[in-house]
Amino acid sequence: MLKKEKIKLLKKMKLIRLAEESIAEKYSDQKMRCPVHLCTGQEATAAAIGLLLNKNDYVVSTHRSHGHYLGKGGNLKKMLAEIYGKTDGCSKGYGGSMHLIDLNVNFMGSTAIVGNSLPVGAGLALTIKIERSKKISCIFLGEGCIEEGVFHETVNFCAVHKLPVLFVCENNLYSVYSSLLFRQPKNRSIAKMVNAMGIKSFSIDGNDVNKIYELASKELPKIRSGLGPRFIEFKTYRWREHCGPDFDNHIGYRTEKEFQKWKKKDPIQQFQTKLLKNNEITKQEIKKIDKNLLNKINLAHNYAEKSPFPKPSEALKNVYAK
Ligand SMILES: Cc1ncc(C[n+]2csc(CCOP(=O)(O)OP(=O)(O)O)c2C)c(N)n1
């Protein structure tokens, strides 16, 4: 990876982290009123995959989508305005955190219904195939989706039709408060299972942004050239509670010890330390990056707060099903 790309990756991961942490910090002001599923700790996948996708590639995502949206080049001001429920939001204030849509960057939608975006992503891939274009449809999913029928149907359909899909499965070990240990067979490898279903699959460390970038840069051109879908499982960990701004290690479904173990593998810290060690960045440069990002984030919150709420009389505008 070129030094220029490394710096871009660092900046993107930091943007996602600092934006999420700013939401956590300001959430108790009660101005953001929709539920938020923060991705703090899981930034590496969103940043690396997002930077490698082209602007016109499609992305569909889950309830935990802020990082995926920013990774794809989504607009921070529009994302925050959406979370504040304002008209300048990327979904015009109708959607909130779990329903981000932005056709400017082909971010085709996130959804609150687990598994809902999988068939949409497959449908988008089918249009790519019919139109013979060179785009990719990237489907972000949590490992919780794998327990749903729609996952297996989508994987099967994409495999049979050799659709240009990248499945990005962020395995953070928990579905709300349920550990993977109680939800899926202990010795079953997700990647091996999907491989057996007919899609070339991989499983890698989701905290190692170098590895993510390397693997995705090798596989994306293959998908683009018609070699069929790829599935990558990224092992990762969400730091904060499932939904909301707090930490919840005290409530009993996971331990503080486990959290600290994963926190030590912080994808941003690891990458930054390597860059410093290899003299690819200086401490002053890092300080400047952080300062600029914090500034940008503060401006975006101000923008979101000042934006007007949608008018109640327009509640049914842009609603296509009644
Ligand atoms: C069809 C459906 N079932 C259940 C839920 C409730 N629910 C919301 S998020 C979630 C956990 C999903 O876990 P995972 O897919 O691993 O994503 P993560 O939250 O870990 O990022 C569940 C069960 C839902 N929104 N939709």
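Let's start with Gly 144. Is Gly 144 buried or exposed? Gly 144 counts as buried, because 21 C-beta neighbours lie inside 10 Å, and the cut-off for buried is 20 or more. Keep in mind that this is a predicted model.

Where does Gly 144 sit? Look in the loop between β3, residues 137–142, and α6, residues 149–160. Which residues does Gly 144 touch, once we skip those up to four places away in sequence? Val 114 and Ser 175. Now take Leu 180. Leu 180 is 36 residues from Gly 144 along the chain, yet their C-alpha atoms are separated by 8.3 Å.

Next, the ligand. There are 15 residues around the ligand. Gly 144 is among those that come nearest, together with Arg 64, Val 114, Gly 142 and Ser 175. So we meet both contacts of Gly 144 again here, Val 114 and Ser 175. What classes make up the shell? Six residues are nonpolar, seven are polar and two are charged.

Zoom in on one pair. Strand β1, residues 58–61, runs parallel to β3, and three bridges join them. Across that pair, Val 60 stands opposite Ile 139 in β3.

Ile 139 takes us to the core. The largest nonpolar core has 70 residues. Ile 139 is one of the members that touch the most others, and Cys 138 is another. In soluble globular proteins, nonpolar side chains tend to be buried together. What does Cys 138 contact, leaving aside neighbours within four places in sequence? The list is Ile 49, Leu 53, Asp 57, Tyr 58, Val 59, Leu 166 and Val 168. Val 168 is also among the core members touching the most others.

Gln 30 is not a glycine, but has a positive phi of about 65°. Gln 30 is in the loop between α1, residues 3–26, and α2, residues 43–52. Asn 106 is not a glycine either, and has a positive phi of about 55°. Asn 106 lies in the loop between α4, residues 76–83, and β2.

Which of these counts as buried, and which as exposed? Gln 30 counts as exposed, because it has 7 C-beta neighbours inside 10 Å. Asn 106 has 20, so Asn 106 counts as buried.

How values were computed
Residues numbered from 1 in each chain as written. Predicted model: local features only at pLDDT ≥ 70, side-chain atom pairs only at ≥ 80, totals over all residues. Near = placed C-beta within 6 Å. Nonpolar A, V, L, I, M, F, W, Y, C, P; charged D, E, K, R; others polar. Core = buried A, V, L, I, M, F, W, Y, C linked by C-beta atoms within 7 Å. Buried ≥ 20, exposed ≤ 12 C-beta atoms within 10 Å, placed from the backbone. Contact = placed C-beta atoms within 7 Å. Helix = DSSP H or I, 4+ residues; strand = E, 2+ residues; numbered from the N terminus. Pairing = 2+ DSSP bridges.
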